[in-house]
Structures are given as C-alpha cells and as structure tokens.
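Student: Hi, could you walk me through this one? I have a few quick questions.
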Amino acid sequence: MIAKKAYDPFHSTMKLFAVLFLFFSVSFTVAAQDISVSGTVTGENGTPLNVVSVTIKGTTRGTSTNASGRFTIVAAPNETHVFSSVGYISQEIPVDGRADIPVSLASSNRELEQVVVVGYGTQRKRDLTGSITSVKGEDLARLPATNPVSSLQGKVAGLTVVNSGRAGASPTVRIRGVNSTNNTDPLYVVDGVFQTNIDYLNPADIESIEVLRDPSSIAIFGLQGGNGVIIVTTKRAAKGQTRVTFQSNIGVQKVNNKIDVVDAAGFKKLYSAQLSNLNAAAFDYSNYTANTNWQDLIFRDAVINTNTLTVSTSGEKSSTLFSLGYNDQEGVLKYDNYKKYIGRLNQEIRITDNIKIGGDITGFHWIQNSPAADLNNALWAAPIVPIQAGPDLYYSMPSFQRAQVSNPQARIDRNNGNSIDKGYRVIGSVFGEVKFLNHFTLRSSFYTDLGFNNSRSYNPLPFKNVNLGENNGATDTTFDESARTSVSQKQEEYRKFQQDHILTFDQTFAGGHHLTATAGFTTLFQGSSNVSGNRRDTTLNIPDNPDFWYLGVVNANNPITNGGGGGEESYMSFLGRVNYSFANKYLLTASFRRDGSSKFSPENRWGNFGSIGVGWVVSDENFFRNVKALNFLKLRGAWGTVGSGLGLPSNLYLPGLTTANVGVFGDNVYGSVSPAYVPDPNLHWEVVRGIDIGLEARLLNNRLSPEITFYDRTTKDILTSLTLPGTAGNYSYRTNLGTITNRGIEVSLGWNDRIGEDFTYRASANFSYNKNKVESIGNNFNFEILGNSGVNKTETGRSIGYFYGYRQTGIYQTVAELDKKPGFSSSLPGDISYEDVNGDGIIDAKDRTYLGTPFPVYNFGVNISLGYKGFDIILEGQGVAGNEVYTQRRTATFAVLNYESNRLNAWSGPGTSNIEPILDNTRGNNFLFSTYYLEPGDYFRIRTLQLGFNFTPKTLGKTVKQLRLYVSGQNVATFTKTTGYTPEASISNPIASGADNGTYPVPAIYSVGVNATF
C-alpha cells in the first residue's frame, strides 16, 4: 500500500507561482520593434548638461549624456524616457516613434517636487508646513521582513521601532515619544482605511509610506491621530504599460548572541558555594555527569522566505493590478512558525475624462504555530542534567528545582504541534470620482474590513521522567498519574465599515495665488466579539489528533472554563482643510475636524480639532538670489490640537459591573454585583496640542539636504483610573487627570551625488532627541501609577513609567563597614549596599529613587547606498541611547536556578567583589529592585548590508526588462552593553516598559533574492 503524500502548501504555492509566471510572461510580454533614439539635454538657459541619466521607464535600461549633452539609446516606439539629474526636475517623455528628442530640464530638487500623501489628499513636499517623512516602498520590499513597519527602523527621525524576532510578530512603534499612560500606538491609514496594524500587507505591494508627526499634519485625523499617523499607499498599475514582476528572497536566521550562562562545572562551583554559605550539606553530583547547553537545544537556524508575483496592465480607459504573496517565517525558537498568504486586486476604470470608478480587495490568510519552548525555562534549567533516556523518556531536573523547572527538550517535544491557530481577513474598497466645473473633484469611498480568527489547542499527557538518584538514592522512572488531557477552543470576529466623501477645489489664480480647499464627511463603525472555552476530561484521555480537538468531544459533565467578550464603537466626522500659497513662496495650511465618538457620553461626545501651519521659502526672495551655495531654504511653523482616543475601551462613560459577595436568604443563595469602576460623568478624550518649528535647506547644487525640527507636544486630560479613598470596595474612579509633555529636536541630513558617469553615491543620517515629562498628575493627593510590581512609576516631575528603586553603592565587605554605613537591619557582609537617598542614616523604602527611563531618549540612523555600473551596495545602521533595560530574568528566587556568568564573580569574602553580592538566595535584600539589575540600553546595530547586481539590457534580451540579484545581511552586528538576546526590550506598555524577562531574540538574517520584471 502506497502512503498518501502529505499536502505541502509551500511547494504547492511555488508551483502556482511558476505556472502563473510562465502564463503571464507569454501573455503580456509584447515584443515591439526597437529603434535608436538620440537627443540633446540642456538646462533652462540652453547649456548642454552632461551626466544626465536617461532610462526607459519601468526598466533598468539606460545611459547618460556626454559632455555635449547628447545621448543615444535603443527603445520601443511605445516606451517612455525618464531624464533625471541631481539638481533638476525629472522629466518623462514618450518616444512616440521619434528618432530625435530635444530635452530641457528645469533646475530644482527632485525631492522637493515629490508629491507626498497627506490626510485626504496630496501635496508637494516643497509646500508642506509640517513634518512628514516619505519612505519609498522599494526600500522596504528588498528587506526580508514579513511586516513592512519593521523595515522603517532607523529611516525616520523621531520614529522609535522596537522589533521582535518571533515569527509573525508586529513591532512596537512610537512617534515622538510616549504621550499617554494608555494606548500610544500610531494610527495607520492604508489607502484611506483606518487601521491599528498593517500585518496583512505585503511589503512588495507598497508604493510609499508617509510618517506624519506634527499637529499641522495629524489634526485632520481628529480623535484617532493623537499618537501620530502612518499613511500607507499601495501600488497601482503604471500608466500605459503591462508588467509582470516576480520578487523572491530566502534567508537563514541565526541567534548570534546567546545569554552567557555557566556550564556544568560553573554550576557545580556556584551551587556548592551557595550551599556552603547557607551552612547546608553538599549536593550529591554523582549521577549528574552531563554538560548540557539547553539554549543550543531550543534554538535553531530558521528559514525565512518571501515571494510576490505582480501582474499589472494599464490602457487608455482602465488599469488593473493583481498580486499574489506568500511569506513563510520560521522562528529561531524551535517549532515557531508563521505563514501568510496575500492576494490583492486593484481595478480603476476611467469612464470619461472626468469620471473614474475603481476598487481594491485584499485577501489575507495566516497560520501560526506558536513556539513550544520557554526561553527562561532553558536559562533556569541546571546544565548538569542529561537530555533524554529514550523515546518519550526524559530526565527530570534535580530535586532542588524539579517541581518548578521542566526539562526544556521535553517541554518542546510535548507542546509541539498541539495548536491550530488560523485567521482570515478581507479588506475591500470601492470609490467613485467626478471632476466638474474645471476645479472641483468629488470622491466617495466605501471600505470594509472583516476578520475571522479561530484556534484550537490540546494539552497532552506528560512524558515519563527519569529521576536520577541523589544521596545514595536509587534512580527511578515516574509518571504523573493525576495528569489529564484537555482541549481549548476560541473564535473571534472583527468588522469595520468606513465611508469617506471628500470634495476638493483646486485653482491657480492670477498674480501667483494658488488655493486647494478640501471638505469632507466620514463615518466609521467597528465591532468585535469572541468566545472561548477549555474542557478537561477527568475519566478518558482525548486522542492526540486534531480531529478531536473540540469542546464537544469531552463529556459536558467535566470541568469547563469559558469566556467571551466584544464591543462596538462608531465615529462621525466633518472635516476641512485649506492649502494656500502665494508666489510659490508664502505658504499657509489650515485644517479643522469635528469628531464624534460613541465611547463617550452624549454630552461629551463631540470635539473640535484643528491646526494652522505657515511656511516661507526664503530662497525665492530677490534678496537671496546672490547666495550661490544655498539653493533652497524654507522656514516653517505649525500649531495644532488633536484628540487621543485610539485603543480606549468602548462605552467608557457607562459604569462597569463585577460579581461581589453572596447572601443567604432562607433556602436560597443570591449573588450580588458591585461597580467595577465609577466613571466621571464629564469623561472625555485626551487632548494633544503641539508646536513645530522647522527649517529645510538644499545646498551645494542641491546635493546636501539638511532638515531640522523643534517640537513641543503636550497631552492634557490623561485618562486615568484611581482608587477612591474611603469606599468599602476600593472602587476605581475613571477620570481625566494629568498633563504630559514631549519636547525634542529632529535632524535629518542627506547627500546625493555622482562621480563621473558610472559611480553614484547617496548618504543620509537622522537623529532625534525626546524628553518626556509628566507635568502634573493628581498633585493634590500624591497620586502615582505603579507598573510591573512597582518597578516602574509614573508621577509628577518625571518621565512616564520611569524605573523606581534603590541605587547600588557597592557590597558590604565587613561587619565594621556595616557599622559605618547605613543599611537594612538585616544587612550582612556580602549584601548589596544602597544609597541613603534621604540621608536619615538607614536604608528603607524611602530611599527608592529615580533610576532612569525605559524609553530611548536618542534615536539615530544612517543609510548609505553606492552604485557602480550594474553593482549597488546598501549599508544601513540604527541605534538608540539614553534608556535603561531591566534584567528581570535574573530576579527569580522560587527555586535554585542556573546562574548567568556574572555570578562567577560573586562576593566570597572581603575584597573579592564590590558589584556581585554573595551567593545566597535567602537574602531578600539583594533581590530588591536596584541599579544592580539595570543595564544601559544604548546600542548601535548594522541593520542592513546588501550587495546587488543589475543586469544590463543587452544581456537580458527583449523579454526580461529588469533583473536584479542580491545577497543581504540584516542585523549582522549589534554593539551594546546589554546581556540579553537583544537590547530591544519591550516598550508596549507605557507604565511598565523596559523589562527583559526572556525577550525573544532579534536574529541576524542572511539571504539571497531576485527581482525580475518582464
């Protein structure tokens, strides 16, 4: 009998790609008769321009002009030339069968003429009065990341991105610091749709990403824009062209930096010393002869693979783009895996010159296999234990940690493949656009986003354990007879419906006046629900087969836990904006939005938000024209107010209920409820106000481009919960309380130039500084917010969630020293000595103090690209400074655990150490949170190092228009003083950030890739 081969989605998908690839190559590639085209390129004054780049649009075929401004290139009659040069506006000129084409380029800077996407419209970068940074999609697609936001790290001043190496994980993103004790995630706007994440997007589908940071830019987004806005524009079919594009890369992920724990010899040395310090009997190591590196067992070299096939065509009346994407990422932790499948179709039809309709639909399916291992368990497990004695037979840990720590290999093997976690998502939109009366455009758009997630899991029986004999005891094999199997099930659904109706007026008036006015009406509804349950069978064991992983398999009389939840919320908005310029040098932007949200009471439901921004292009003034070295100079300033309500619970103004005590009346038992919290009847959103002042310049024939921005952002009326004093149930009162400021500076520098005809180079760097401060929060009653069991503290006068503890001054060396220095009454030689902050001669809780912030104060990045003939090199670096990382993984005392290598220097007598305390986990003073457990969070990382080669048109023939091969290294080296797997500790929770409690490694990725266009 022949066994049926298992279905392999990876190879099936690749076969599908191959078939589609061949089909579209044959169907859409049109071989036209090429002709030789020549011409002369001049500047505005008629002077010939040399070294002007001349390329065929959509390809890598190109040449450059000689000293006389002449060029010659072979092109098809229906193709388009692109002429570009540093310091001049690019031009696109169709061949139209002509053999000779004269070209005149206007002096400018390409970046300034670039059109960037803003809220409900577009603007030239030159005309912006706010802080907006645009990142091209091609800069994201060439990196091996399943989430496009991860690749923004180090590219935008004022943007903090904290990545995770876990397969499919979303990064944490902060724009200009942390401005709330609640949700501080930015708003994502994908082709007009409001989103809280963009996991469903394929990086290869993105045309550009704009990061909006200042109030002038984000005020138009009202209640949801307070944390900044990231606008994503996906690709459309290029006009007049048919293209088939295939992009693929495959790489290997490696953990370069593992946590330095002691080996078997080191463990025996340290544990023996600890027992000696406790005056306890020595441990019997006779049967513990192994030297196991548990980290090597749970980690692996993991594969990451991304593939995209895109077909686009555009004619006179319609354009179509279709793409398929497949991403498969293994995690470096064994059995961690994430797959996603993406299909996208975009269609636009021009009915007449003034009427256009279209739509976009994206289908997204993901499959997650969560890691079966536990990082901390592998760090804690004693290295003296062997791994496995046979199939389903594993060695257990020594007696001193057997009940608390499991065999890491057994843990992986037992939990592998015991969950089915899948999700489906459909995002769709349709629009209609009408232009009328020459200057008006009305665009109506309707969007929907539907998500369906379901998961099932199984808790199997444990393996048999081999317990090695200790103290002359016999080695035996045990099995937990009380263990029972169980199953869990969960289903979630999400739904979103949005509509935008936008009217735009655009006209240039005589005398140099230009006006663009926008008015609109929008609504947004979103809701969700979920149900979950877990049932344990007390009599029968559920088979280890996914066909049985349903709650109904277990008899209903068995123990069950269940839950559920959900909510709905809606928004309605009226908006308007005016962009005005005079003489192309005096700029004004004013915006307004009236926003209403169902989260708040009818009396406090509506808010008004607005901004005003001004700009002055100084370099266009007559008095400035003699300044030859400075080609462009713009001064800008903006003020605005915006709401912060993103991520807040629904119906905040309604009181919550929770179960309370029961009462017995006769033969009946009655339950009762009490308030879960008491809402303030005047509860409303947080209000963010900001001021921006900036300078943009272009120097040295537009090769050098500095940009400097100073900002001051204030968040008022922070939504906070506090305990009402004197209430019997310690009721929580939810109200608006407090003010937080973020003040800083952002600097960006760019250099763009070429040497001769063949060598081009570009370099950019960015730097930002942010100071976060809680200006006031409950000043009248000494209110404070504690996080992570009091390690983090938020109060007036300091940053949000700062580290709050003791400051280590050394180690008590002798009893005589203890008599001279303040300490706890229980302090002994070998203990950590702490600073007497209040100077009262004793150490107690009053000596806890500010120890630093978990949030980076400085962010910086550098990006360099070089090109020589067909070769290109990309180098990107990124880093942060000014923050601290809490090594929480070192603080566990529930059992005797393995030691990190720093404990080899533990105090063992006077003069032996002034940093590491004695080996004695019964001395609780040494485990108090202090600077001993803090490490500088500063790091610099070589984010990307990539070498690529672009084949010349002559070597490709007529069918292949573009082919690029590349090798790439990502996260290849990190320079830091932290001792964890990565210096990127989580900052997702504003009031409890910065802890490394076994943070998942961010691995190095070594990959190869291909980009081909037909």
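Tutor: Happy to, and keep in mind that this is a predicted model. Let's start with a pair of residues: Thr 55 has Gly 62, in strand S3, as its bridge partner.

Student: Which way do S2 and S3 pair, and over how many bridges?

Tutor: S2, residues 53-56, pairs with S3 in the antiparallel sense, and three bridges join them.

Student: What order do the strands take in that open sheet?

Tutor: The order is S3-S2-S5-S6, four strands with antiparallel pairing. S3 (62-64) and S6 (91-94) each have a single partner strand, so they stand at the edges and one side of each lacks a neighbour in the sheet. From one strand to the next, the twist averages 20 degrees.

Student: How many residues line the second largest pocket, and which lie nearest its centre?

Tutor: The lining has 44 residues, and those nearest the centre are Thr 196, Asn 197, Arg 425, Asn 453 and Tyr 494.

Student: Which strand gives the largest share of that lining?

Tutor: That's S25, with seven residues. S25 spans 440-459, and the strands that each supply at least two lining residues also include S21 (355-369), S24 (419-436), S28 (486-509), S29 (513-536) and S30 (560-582).

Notes: Residues numbered from 1 in each chain as written. Predicted model: local features only at pLDDT ≥ 70, side-chain atom pairs only at ≥ 80, totals over all residues. Heavy atoms only, no water. 1 Å grid on protein atoms, 1.4 Å probe; cavity = no way out; pocket = protein on both sides within 12 Å on 5 of 7 lines; lining within 4 Å. Pairing = 2+ DSSP bridges. Axes fitted to C-alpha atoms, helices over the stretch in contact; angles between N-to-C directions.
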